[in-house]
Amino acid sequence: MNMKERVNDYIKQHWKNTIRTGISKTDEIPLPYPTTVPCENQRFTYFFYWDTYFTNLGLLYDMPKQALNNLRNMKYLVERFGFIPNANLTSMLNRSQPPLFCCAVYDYYQLYPSLDIVYEFFGSMQREYEFWSQSRITDCGLNGYSSSATEEEIERFIDEVALRGIIDKNDCDAYEKAKNLFAEAESGWDFSPRFGGRALDFVQVDLNSILYRNEIIISEFAKILKENQLSERFSRKAAQRKAVMYRYMEDEEEVFRDYDFKNKKLSQVISIASLLPFWAGITKNTQSCKKILNVLECEKGIAACEKSNSSMFQWDYPNMWPPLVYFSVKAFQNSGAEECARRIADKYMNTVAENFEIGGCLYEKYSSVTGKYSNQEYESPKMLGWTAGVFRNLYEYFYHG
């Protein structure tokens, strides 16, 4: 049995250790179904939104019933709050995370097609979409991350991020910086150099790519349900979003970037977010996809952002994160660069396996340069669900597909 096979078997045996019932924190929102939490130790013992999407990518193969439980918990949160919070904690009701619920349902439907699944989740998928289209829209017609944090919550957040070295709490601009960092927290990239600390001034290429994909999925499900007018309406929404993204986000080298709508200019930072239009099917331009890869690929994998003079953030060079690896591999596949997809997938799986051989752990993130696990800002928990989910998904595609 080789290294990858050992990791694969370990994951299948350890999924059960990441399933929880009941609550573990005083401000935790109870969920109706058993939940998958981000790791098997006691650091994170509650339900995170986008962590669960990537964990489900593996559970779909090994524990489809639990993957469905996770979808039903997401649906419950949408129905109760009108959106899916960052996590099922009252302290995290002031923000969401990347809206991958539609994609999670679609992933399940593709492996286990059933009209009942479409009926069960279709209304909640639309409701979450409406939250993003109404609460996170900007004047340029595209969507941006934000939050509904109160003044008291922002003040508490200043103390929290100051401990992580992101803000100087004595800075006269600390309050405004914290408001922007709340938006970055909603992006899941907490934190990165993409916006220069001004996330509220941007519409993000990853978010709008995800919303485009949601529009396509909702249109397809509406067609399955013979709601043809609704299907056509969402198809038009997708076409309109695509056109506006080309208008504001594409640079002279045909690379999509985050757009600073306040100052009417593109972000200067190339990141894996620029690959999401390929993942979503907005573009299939192989050459521009490879241009991004040339900037981000390293010896041991693919970095979250391009190298800069100062890399102080978690979601920055040289860190390699499982969710971003997944988006990258699918982007290369969709653009016709299958050899690039296989290479990045192998680099990631080899890095995970090599670290597992040494310490018996599946870490949260790794260095794309050295291949070592990264504990920047805090010690990485062991047996991370999204590390396991992405590994299993890539293993099934490249070694069992």
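This is a predicted model: local features need pLDDT of at least 70, side-chain atom pairs count only at pLDDT 80 or more; totals for chains, interfaces and linings use all residues.
View 1. Phe332 belongs to the largest nonpolar core, a set of 125 residues. Phe54, Trp279 and Phe332 have the most contacts inside this core. A second, separate core has 13 residues. Val161, Ile166, Ile167 and Phe182 are among them.

**View 2. Helices α2 and α4 packed together.** Helix α2 covers residues 49-62, and helix α4 covers residues 101-111. They pack at an angle of about 5 degrees. Their axes are 10 Å apart. Angles under 35 degrees count as roughly parallel, so α2 is roughly parallel to α4. From α2, the residues in contact are Tyr49, Tyr53, Leu57, Leu60 and Tyr61. They meet Phe101, Cys103, Ala104, Asp107, Tyr108 and Leu111 in α4. By class, this contact has 10 nonpolar residues, 1 charged residue and no polar ones.

**View 3. The open sheet β3-β4-β5.** Three strands form this open sheet, in the order β3-β4-β5. The pairing is antiparallel. Strands of a sheet pair through backbone hydrogen bonds. At the edges are β3 (202-203) and β5 (265-266), each of which pairs on one side only. Strand β4 spans residues 259-260 and pairs with β3 over 2 bridges. Here Val203 stands opposite Tyr259 of β4.

**View 4. The cis peptide bond between Asp190 and Phe191.** Asp190 and Phe191 are joined by a cis peptide bond. Its omega is about 15 degrees. Phe191 sits in the loop between α7 (174-187) and β3.

**View 5. The cis peptide bond from Tyr317 to Pro318.** This bond is cis, with omega near 0 degrees. Pro318 lies in the loop that runs between β7 (301-302) and β8 (319-320).

View 6. Lys226 has a phi near 60 degrees, a positive value in a residue other than glycine. Lys226 is in the loop between α8 (205-224) and α9 (228-249). Lys226 has a relative accessible area of 71%. Exposed means over 50%, so Lys226 is exposed. Glu254 is also not a glycine, and its phi is positive, near 65 degrees. The place of Glu254 is the loop between α9 and β4. Glu254 is partly exposed, with a relative accessible area of 39%.

Definitions and conventions. Residues are numbered from 1 along each chain as its sequence is written. Side-chain values use heavy atoms; hydrogens and water are left out. Two strands pair if DSSP finds at least two bridges between them. Helices (H or I, at least four residues) and strands (E, at least two) are DSSP runs, numbered from the N terminus. A nonpolar core is a set of buried Ala, Val, Leu, Ile, Met, Phe, Trp, Tyr and Cys residues joined through side-chain atoms within 4.5 Å. Buried means under 20% relative accessible area, exposed over 50%, partly exposed in between (1.4 Å probe, protein chains only). Axes are lines fitted to C-alpha atoms, for helices over the stretch in contact, and angles run from 0 to 180 degrees between N-to-C directions. Angles under 35 degrees count as roughly parallel, over 145 as roughly antiparallel, 65 to 115 as roughly perpendicular and the rest as oblique. Contact means heavy atoms within 4.5 Å. Ala, Val, Leu, Ile, Met, Phe, Trp, Tyr, Cys and Pro count as nonpolar, Asp, Glu, Lys and Arg as charged, and the others, Gly among them, as polar.
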